[in-house]
Amino acid sequence: MNDGVSTPIWLHIGPLAIHETVVTTWLIMLVLVVASILMTRRLSLQPGRLQAMLEGVVLTLENAIANADSRNARRLLPLIGTFWIFLPVANLLGVIPGMHSPTRDLSVTAALALVVFFAVHAYGVRQSGLSYFKHYLSPSPILLPFHIISEITRTVALAIRLFGNIMSLEMAALLILLVAGFLAPVPILMLHIIEALVQAYIFGMLALIYVAGAMQQTTESPVTTSSRSTSGAP
């Protein structure tokens, strides 16, 4: 029985239960990968309409990232661009009758938040090596527990924010349709689309801020040290 919150089980593979969330998530990834391969296999110096549209999308994503971190926009584009492409599709899947957004499942949003958590440290270590972790001892080693708590709480908040918004949006749409029938489907549909796009943008932007912050934090230290040495400051 589906209570509207938990996702139904589609099939069992031995003792392993495959939920609808797993199926729809992998289906979205498969569609995006196949579409990417098909649309990029014949790129040329004289772009057609499709290639021009794709280049416009990539440039828009890169410019949005550059507004937060112009120096590392190219390096951040694969991660943040993937979020900004995958999440709108996943969130909007709930618009299709009989389908549910995989992001209404906390396990999916938790997995996405963990990707951001590990990406923050991976990009930070790649930028400046293991010395990246020194910022957890700044300005005082006493603050180390607070830095760790901050990392954990913002990751949890990132997962719960997306899960809560998408789940509540689908529940609200379901309740209104049950009460009003199909007299007000268009406003609800538009609200769902707008909210799904906004939540995808917010998740990607927060991920961008976290990762860019880790990279800038490690690159600002040598500059600060250099400026102090040239100015004669102790």
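## Aromatic pairs

Rings of Phe, Tyr and Trp (its six-membered ring) count as a pair if their centres lie within 6.5 Å. In this predicted model, Tyr-132, Phe-133 and Tyr-136 form one aromatic cluster. Across the whole structure, a search finds six aromatic pairs.

In the pair of Phe-83 and Phe-203, the ring centres are 5.4 Å apart and the planes stand at 75°, so the pair is edge-to-face. This pair links distant parts of the chain, with Phe-83 in helix 3 and Phe-203 in helix 6 (residues 185-231), 120 residues apart. Both Phe-83 and Phe-203 are buried. Trp-84 and Tyr-201 form a stacked pair, at 5.7 Å centre to centre and with 5° between the planes. Here too, distant parts of the chain are linked: Trp-84 lies in helix 3 and Tyr-201 in helix 6, 117 residues apart. Trp-84 is buried, with a relative accessible area of 11%, whereas Tyr-201 is partly exposed at 47%.

## Packing of helix 2 and helix 3

Helix 2 (residues 49-66) packs on helix 3 (residues 73-92) at an angle of about 115°, and their axes are 9 Å apart. The two helices are therefore roughly perpendicular to each other. Helix 2 passes helix 3 in a right-handed crossing.

From helix 2, the contact includes Val-58, Leu-61 and Glu-62; from helix 3, it includes Arg-74, Ile-80, Gly-81 and Trp-84. By class, this contact has eleven nonpolar, one polar and two charged residues.

## A cis peptide bond

Most peptide bonds are trans. The bond from Ser-138 to Pro-139 is cis, with omega near 0°. Pro-139 sits in the loop between helix 4 (106-128) and helix 5 (144-180).

Technical notes
Residues are numbered from 1 along each chain as its sequence is written. This is a predicted model: local features need pLDDT of at least 70, side-chain atom pairs count only at pLDDT 80 or more; totals for chains, interfaces and linings use all residues. Side-chain values use heavy atoms; hydrogens and water are left out. Axes are lines fitted to C-alpha atoms, for helices over the stretch in contact, and angles run from 0 to 180 degrees between N-to-C directions. Helices (H or I, at least four residues) and strands (E, at least two) are DSSP runs, numbered from the N terminus. Angles under 35 degrees count as roughly parallel, over 145 as roughly antiparallel, 65 to 115 as roughly perpendicular and the rest as oblique. A crossing is left-handed if the near helix is turned anticlockwise from the far one by less than a right angle, and right-handed if clockwise. Contact means heavy atoms within 4.5 Å. Ala, Val, Leu, Ile, Met, Phe, Trp, Tyr, Cys and Pro count as nonpolar, Asp, Glu, Lys and Arg as charged, and the others, Gly among them, as polar. Rings of Phe, Tyr and Trp (its six-membered ring) pair if their centres lie within 6.5 Å; planes under 30 degrees apart count as stacked, over 60 as edge-to-face and the rest as tilted. Buried means under 20% relative accessible area, exposed over 50%, partly exposed in between (1.4 Å probe, protein chains only).
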